[in-house]
Amino acid sequence: LADACLPRGIAGVPMSKVPNPARRTRMRIPPQRSLVHFVGPAIALLAANAVLSFTAHPWLLPSLGGSCVILFGMARGIMAQPRSFLGGHLLSTMTGLVFNQGYHAFGGSLALWIAFSVGAALALMAITRTIHSPAGANPVVVFAEDAHWGFLLAPLLPGLIVLFLVALVLNNLPRPWGAGPWPRFLPEWRRASLGRNAREIP
């Protein structure tokens with residue numbers, strides 16, 4: 001009687017019995033995964049800080065914190081893949097360095113140079129399909145630090161390498177700890193070792 005009062009769904013099936021695709025995607029995050037979410041960024045940033053303390057820039061690149069959110073919280077997403085993570089940071093930083101040199105060469109409004117450097121970085125990341133949102137802060141950091149090309153070697157590259165290695169280890173822990181396979185193009189044998197239900201866990 002209750003079903004008779006409900007609107008009819010697909011092929012006369014009551015709406016109460018029609019599968020809801022959105023409901024299937026609302027999966028609970030396993031407690032083990034939440035622990036990795038908590039510990040992963042801390043390990044990555046502490047390790048990066050330890051490495052960067054031996055460079056000319058003994059401070060964390062601010063955008064690395066944002067990258068940790070992407071790498072550990074959205075490990076299966078496009079922005080968390082190496083192409084976007086590494087390519088986005090490198091391209092955005094180089095864009096900031098070019099614009100910073102342009103500012104010193106031609107002068108003008110510092111705010112305009114910074115603003116257009118971020119816009120140019122986004123445009124280039126979009127063209128090359130390397131968008132990584134935390135990397136959008138890199139040109140601002142370059143101007144704030146008045147950095148030169150050596151900024152690519154330190155602190156950027158050491159920070160990226162450390163985050164990549166920590167993400168590679170933690171994201172590929174056995175399920176439900178890890179969110180892998182990460183990167184998504186891991187060989188099939190590595191995918192199988194992570195469990196046959198790898199796609200069912202967010």
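T93 touches N138, V142, F151, L152 and L156, when residues up to four places away in sequence are not counted, and touching or being in contact here means having heavy atoms within 4.5 Å. This is a predicted model, in which local features need pLDDT of at least 70 and side-chain atom pairs count only at pLDDT 80 or more, while totals for chains, interfaces and linings use all residues. Residues are numbered from 1 along each chain as its sequence is written, and side-chain values use heavy atoms, with hydrogens and water left out.

- T93 has its place in helix α4, where helices are DSSP runs of H or I with at least four residues, numbered from the N terminus.
- T93 counts as buried because its relative accessibility is 0%; buried means under 20% relative accessible area, exposed over 50%, and partly exposed in between, with a 1.4 Å probe and protein chains only.
- A polar atom of the T93 side chain lies 2.7 Å from the backbone oxygen of H89.
- N100 also lies in helix α4, and at 2% relative accessibility N100 counts as buried.
- A polar atom of the N100 side chain lies 3.2 Å from the backbone oxygen of A147.
- Leaving aside neighbours within four places in sequence, N100 is in contact with V142, F143, D146 and A147.

**Helix α6 and what follows**

- Helix α6 covers residues 138–145, and N138, P139, V141, V142 and F143 are buried in this helix.
- These buried residues of α6 pack against α3 (62–73), α4 (82–106), α5 (110–127) and α7 (156–171).
- D146 follows α6, and the phi of D146 is positive, near 50 degrees.

- L46 is found in helix α2, which covers residues 31–52, and L46 counts as exposed because its relative accessible area is 60%.
- Although L46 and V162 are 116 residues apart along the chain, their C-alpha atoms are separated by 9.7 Å.
- F38 lies in helix α2 as well, and at 66% relative accessibility F38 counts as exposed.
- F38 makes a nonpolar surface patch of about 480 Å² together with L35, V39, I43 and W177.
- Patches are made of residues with over 30% relative accessible area and no salt bridge, where like charges are joined within 9 Å and nonpolar side chains (Val, Leu, Ile, Met, Phe, Trp, Tyr) within 5 Å; a salt bridge is a side-chain nitrogen of Lys or Arg within 4 Å of a carboxyl oxygen of Asp or Glu.

Terms used: Helices (H or I, at least four residues) and strands (E, at least two) are DSSP runs, numbered from the N terminus. A polar contact is a pair of N or O atoms within 3.5 Å; within protein, one must be able to donate a hydrogen and the other to accept it, and residues adjacent in sequence count only if both atoms are side-chain atoms. Accessible areas come from the Shrake-Rupley method with a 1.4 Å probe; for residues, only the protein chains shown count as cover.
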